[in-house]
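Thanks for coming, everyone. Have a look at it first.

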Amino acid sequence: MTADVAAESHAVEPGQQPRFSGLFPNSLLHHRRPKWYQEVAIIGLCYWIYGQVRNLVPEQASIAKRHGRGLQHLQDALHLNFERSLNRYVAAHEPLAQVMNYYYATLHFVVTIGCLVWLFRAHPRIYRGARTVLFATSLIALAGFYLYPLAPPRLLPQYGYVDTVLKFHTWGSLADPNIAEHSNQYAAMPSLHMGWALWCGVVIYLCARRRWVRVLGMIYPVTTLLVIVGTANHFILDAVAGLAVFLVGALVQYLISGRSAFIEAPIRRHVSSERQPRSHPKSSPENLPAAPPEPQPSARHSSQSAGS
């Protein structure tokens, strides 16, 4: 026999307003150690669904290029046109361009999966909340891909952008016809590279203990921004939208649980009823025999005492 004990964090002082504790019931929000095979199945299924939905978005080339031209004009009006200078610099230095191309094609997945595995093993009480933020960010990005198809800068050469992958024939390029036909080229707004990089950076900075690792966590989103802009895969405003969807994903997780994704989930504590004090019927005051009444002095004894 066990009795559930509420977490101290949910205790409310008399006269104090109860804090928001999430939309899901508390029984679903306490820590349960994740099982690796369940997580592999969940992540694999969700990524497969993500890939299918992403590529089902209609590739409306004319609309996507019109959106791209409009976004370029907006950035010019906002004086956010330094990305062309960065892209031209990268395109003029092949070793740098090749490194950035491989960075764009690989680290997007490697670092994100690595952070998930690290959280699973080292921070299991944070893992589920952080995973929820990542999934919510990705789902919101899918809505953006569908509602706002956008041609990336590399598909708008009239503005002076250089597709570094095509120029240097980088292996595994999304611009390679054999690969491009299996991937939606106009799923660029928001930048999910930026959204995932921000998620990884926050995870590493808040959860790592070594200072140099935390510094790497801070640098990673910055280098990702330089890469996606330098290789002409995204506009600056795509990256801003990536930040926005990450923040909304974090808000979704907060609404679900009532706490930050990077605060450890409370543990459901159990107290054995055998250790709790029991009241024994035989020794309870109600069951004790009544005390006998005290003897009253007789009238004769009282009169003798008065006479003396």
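Where is the place of Ala 232? Ala 232 sits in the loop between H9 and helix H10, and H10 covers 236-257. Keep in mind that this is a predicted model.

Why start there? Look at the backbone. Phi of Ala 232 is near 60°, a positive value in a residue other than glycine. Most residues other than glycine have a negative phi. And Ala 232 is buried, because its relative accessible area is 1%, under the 20% cut-off.

There is another such case. His 79 is not a glycine either, and its phi is positive, about 60°. His 79 is in the loop between helix H2 (61-77) and helix H3 (82-91). Buried or exposed? His 79 is exposed, because its relative accessible area is 64%, and exposed means over 50%.

One more backbone point. Most peptide bonds are trans. Met 189 and Pro 190, however, are joined by a cis peptide bond, with omega at about 5°. Pro 190 lies in the loop between helix H7 (177-180) and H8.

Now the overall picture. The protein has 11 helices and 2 strands. Along the sequence the pattern reads β-α-α-α-α-α-α-α-α-α-α-β-α. There are 308 residues, and 39% of them are buried. Take the contacts between residues at least 6 apart in sequence: 84% of those join residues at least 24 apart.

Gly 129 is in helix H5. Leaving aside residues up to four places away in sequence, Gly 129 touches Gln 253 and Ala 261. Gly 129 is buried, with a relative accessible area of 13%.

On to helix packing. How do helix H8 and helix H9 pack? H8 is residues 192-207 and H9 is residues 211-230; their angle is about 170° and their axes are 7 Å apart. So H8 is roughly antiparallel to H9. From H8, the contact includes His 193, Met 194, Leu 198 and Ile 204. From H9, Val 213, Arg 214, Pro 221 and Ile 228 are among the residues taking part. By class, this contact divides into 12 nonpolar, 4 polar and 1 charged.

H9 also packs against H3. Here the angle is about 80°, and the axes are 8 Å apart. That makes H3 roughly perpendicular to H9. H3 brings Glu 83, Leu 86, Asn 87 and Val 90. H9 brings Leu 226, Val 229 and Gly 230. The classes here are 4 nonpolar, 2 polar and 1 charged.

Next, the cysteines. How many disulfides are there? The count comes to 0. Cys 115 is in no disulfide: the nearest cysteine sulfur belongs to Cys 200 and is 4.0 Å away. A disulfide needs the two sulfur atoms within 2.5 Å. What about Cys 207? Its sulfur is 9.1 Å from the closest cysteine sulfur, in Cys 115, so the gap is too far for a bond. Both count as buried: Cys 115 at 4% relative accessibility, and Cys 207 at 6%.

Last stop, the loop between helix H5 (124-147) and helix H6 (164-168). Arg 154 lies in this loop. Arg 154 is buried, with a relative accessible area of 10%. What does the side chain of Arg 154 make a polar contact with? The partner is the side chain of Asn 233, at 2.9 Å.

Asp 163 is found in the loop between H5 and H6 too. Asp 163 is buried, at 9% relative accessible area. The Asp 163 side chain reaches the backbone nitrogen of Val 165 at 3.1 Å.

Technical notes: Residues numbered from 1 in each chain as written. Predicted model: local features only at pLDDT ≥ 70, side-chain atom pairs only at ≥ 80, totals over all residues. Heavy atoms only, no water. Helix = DSSP H or I, 4+ residues; strand = E, 2+ residues; numbered from the N terminus. Buried < 20%, exposed > 50% of the residue type's maximum accessible area, 1.4 Å probe, protein only. Polar contact = N/O pair within 3.5 Å; in protein donor to acceptor, adjacent residues only side chain to side chain. Axes fitted to C-alpha atoms, helices over the stretch in contact; angles between N-to-C directions. Parallel < 35°, antiparallel > 145°, perpendicular 65-115°, else oblique. Contact = heavy atoms within 4.5 Å. Nonpolar A, V, L, I, M, F, W, Y, C, P; charged D, E, K, R; others polar.
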